[in-house]
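Here are my notes on the model you sent over. Have the structure open while you read, and go through the points in order.

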Amino acid sequence: MGVPQKMQNIIQSPYSQPKFRVEFDREASDWHTQSSGIRQGCPLSPHLLLVGVTIMFHDVHRTVDRHMAAHRPERAIFDKVLYAGDTVLV
């Protein structure tokens, strides 16, 4: 998609070796390395979702758009349904 390497590095850096600790009643645990998933509330998550959906639909439009219309259910005026993280191709 033509994203400069510097921007890719900035986006990737919070995910390369994420660390966390738990704080409760002014007491904090030791730092731990997170081994999977994306931290809850990560400000990049919505943007990364949009990038992923954009890439996916770029490929859909380029390769299967003309075929989707031919197989569209009767009286349907759409081929795609998107809601937050859920997507359906009809």
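1. Let's start with threonine 33, which sits in strand 4, a strand covering residues 32–33. Keep in mind throughout that this is a predicted model.

2. Which residues does threonine 33 touch, leaving out those up to four places away in sequence? The answer is Pro18, Lys19 and Phe20. With lysine 19 there is a polar contact too, side chain to side chain, at 2.9 Å.

3. Arginine 21 makes a handy reference point. Threonine 33 is 12 residues from arginine 21 in sequence, and their C-alpha atoms are 8.9 Å apart. For tryptophan 31 and arginine 21, the sequence gap is 10 residues and the C-alpha to C-alpha distance is 4.8 Å.

4. Tryptophan 31 itself is in the loop that runs between strand 3 (27–28) and strand 4. Setting aside residues up to four places away in sequence, tryptophan 31 touches Lys19, Phe20 and Arg21. Lys19 and Phe20 also turn up on the contact list of threonine 33.

5. Is tryptophan 31 buried or exposed? Its relative accessible area is 53%, and the cut-off for exposed is over 50%, so tryptophan 31 counts as exposed.

6. Now zoom out. The protein chain has 3 helices and 6 strands, and along the sequence they come in the order α-β-β-β-β-α-α-β-β. Of the contacts with a separation of 6 or more, 32% are between residues 24 or more positions apart.

7. On to the largest pocket, whose volume is about 190 Å³. Its lining is made up of Met1, Val3, Gln8, Ile11, Leu48, Val51 and Ile55. Sorted by class, that gives 6 nonpolar residues, 1 polar and no charged ones.

8. Where does that lining come from? Helix 1 (5–16) and helix 2 (45–63) each put in at least two residues. Helix 2 has the largest share, with 3 residues.

Key:
Residues numbered from 1 in each chain as written. Predicted model: local features only at pLDDT ≥ 70, side-chain atom pairs only at ≥ 80, totals over all residues. Heavy atoms only, no water. 1 Å grid on protein atoms, 1.4 Å probe; cavity = no way out; pocket = protein on both sides within 12 Å on 5 of 7 lines; lining within 4 Å. Points joined across faces, edges and corners; volume = space filled by probe spheres on them. Helix = DSSP H or I, 4+ residues; strand = E, 2+ residues; numbered from the N terminus. Nonpolar A, V, L, I, M, F, W, Y, C, P; charged D, E, K, R; others polar. Contact = heavy atoms within 4.5 Å. Polar contact = N/O pair within 3.5 Å; in protein donor to acceptor, adjacent residues only side chain to side chain. Buried < 20%, exposed > 50% of the residue type's maximum accessible area, 1.4 Å probe, protein only.
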